[in-house]
Amino acid sequence: MLALVLCTSVSRAQLKTTSICPAFSVDVLEGTVNEMHVYDTKGQIEKKFPCFTSATEETDGSTCGGVFYKDKDISFFTERDYIEVGEKFKGKLSLPLIGASRGSLFNWLGNPQIKDINWDAYQTKYGILILYYNKAGKINKLQMSNRNAETIKLCE
């Protein structure tokens, strides 16, 4: 009987729960992910989405502190107030931007505020939306920030 109790208590100690996140839903026009804003804190993001793959502490703005979901291809750079969505994003976008061609964006976003060979930046009501393009001219990454083009600091 004692052996059975010991085996049962040991086997329970090895069980670990898996954090489950709600499905990610990115609203590009509002600058939110499941109603979380680009300026929300690291603690708020971790609480809302506990299944993060890594997190980096924030400092004085000189690093890239945030919460990262590499398996879902979305990152919250909370120290620099922006959200990045990659081409392998697992979730829902309010506008089907990932994979969209550069020439198809005017009806949704208008003209870009700044154009570059590899990216375009659009002024939004929350700040700025930056779209990056692959060699075929298709969007492969987007960044949403409450900053403007002059004040945004991106991480490498």
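**Close-up views of the predicted model**

View A. Asn34 is buried, with a relative accessible area of 17%; buried means under 20% relative accessible area, exposed over 50%, and partly exposed in between, with a 1.4 Å probe and protein chains only. The model is predicted, with local features needing pLDDT of at least 70 and side-chain atom pairs counted only at pLDDT 80 or more, while totals for chains, interfaces and linings use all residues. Residues are numbered from 1 along each chain as its sequence is written, and side-chain values use heavy atoms, with hydrogens and water left out. Asn34 sits in the loop between strand S2 (32-33) and strand S3 (36-37); helices (H or I, at least four residues) and strands (E, at least two) are DSSP runs numbered from the N terminus. Not counting residues up to four places away in sequence, Asn34 touches Pro22, Ala23, Phe24, Ser25, Lys48 and Phe49, where contact means heavy atoms within 4.5 Å.

**View B. The four-stranded sheet that includes S2 and S3.** Four strands form an open sheet in the order S3-S2-S1-S8, with mixed pairing; two strands pair if DSSP finds at least two bridges between them. S3 and strand S8 (92-93) are the edge strands, each with a single partner strand, so one side of each has no neighbour in the sheet. S2 and S3 run antiparallel and are joined by two bridges. Thr32 has His37 in S3 as its bridge partner.

**View C. The disulfide between Cys21 and Cys51.** The sulfur atoms of Cys21 and Cys51 are 2.0 Å apart and form a disulfide, a term that covers a pair of cysteine sulfur atoms within 2.5 Å. By this rule the count comes to two disulfides. Cys21 lies in the loop between helix H1 (2-13) and strand S1 (25-27), and Cys51 in the loop between helix H2 (42-48) and S4, so that distant parts of the chain, 30 residues apart, are linked. The torsion about the S-S bond of Cys21 and Cys51 is about -115°, so this disulfide is left-handed. Both cysteines, Cys21 and Cys51, are buried.

**View D. The disulfide between Cys64 and Cys155.** Cys64 and Cys155 form a disulfide with their sulfur atoms 2.0 Å apart. Cys64 is in the loop between S4 and S5 and Cys155 in the segment after S12, so the pair ties together parts that are 91 residues apart in sequence. A torsion of about -110° about the S-S bond of Cys64 and Cys155 makes the disulfide left-handed. Cys64 is partly exposed, with a relative accessible area of 24%, whereas Cys155 is buried at 14% relative accessibility. With the bonded cysteines of the chain numbered in sequence order, the pairing is 1-2, 3-4.

**View E. Thr63 in the loop between S4 and S5****.** At 28% relative accessibility, Thr63 counts as partly exposed. The C-alpha atoms of Thr63 and Cys155 are 8.0 Å apart in space, and the two residues are 92 apart in sequence. The side chains of Thr63 and Thr59 make a polar contact (3.0 Å), meaning a pair of N or O atoms within 3.5 Å; within protein, one atom must be able to donate a hydrogen and the other to accept it, and residues adjacent in sequence count only if both atoms are side-chain atoms. Leaving aside neighbours within four places in sequence, Thr63 is in contact with Glu57, Glu79 and Arg80.

**View F. Strand S5 in the eight-stranded sheet.** Eight strands form an open sheet in the order S4-S5-S6-S7-S12-S11-S10-S9, paired antiparallel. Strand S4 (54-56) and strand S9 (114-115) stand at the edges with a single partner strand each, so one side of each is left without a neighbour in the sheet. S4 and strand S5 (residues 66-69) run antiparallel and are joined by three bridges, and Thr56 stands opposite Gly66 in S5. S5 also pairs with S6 in the antiparallel sense over three bridges, with Phe76 in S6 as the bridge partner of Val67. S5 and S6 form a hairpin with four residues between them, and Asp73 in the turn has a positive phi of about 55°. Both faces of S5 are covered, with Gly66 and Phe68 on one side and Val67 and Tyr69 on the other, all buried.

**View G. The nonpolar cores.** The largest nonpolar core has 31 residues, and those with the most contacts inside it are Tyr69, Ile74, Leu97, Leu129 and Leu131; a nonpolar core is a set of buried Ala, Val, Leu, Ile, Met, Phe, Trp, Tyr and Cys residues joined through side-chain atoms within 4.5 Å. S5, strand S6 (74-77), strand S7 (82-86), strand S11 (128-133) and strand S12 (139-145) each supply at least two residues of this core. A second, separate core of five residues includes Ala121, Ile130, Tyr132 and Ile152.
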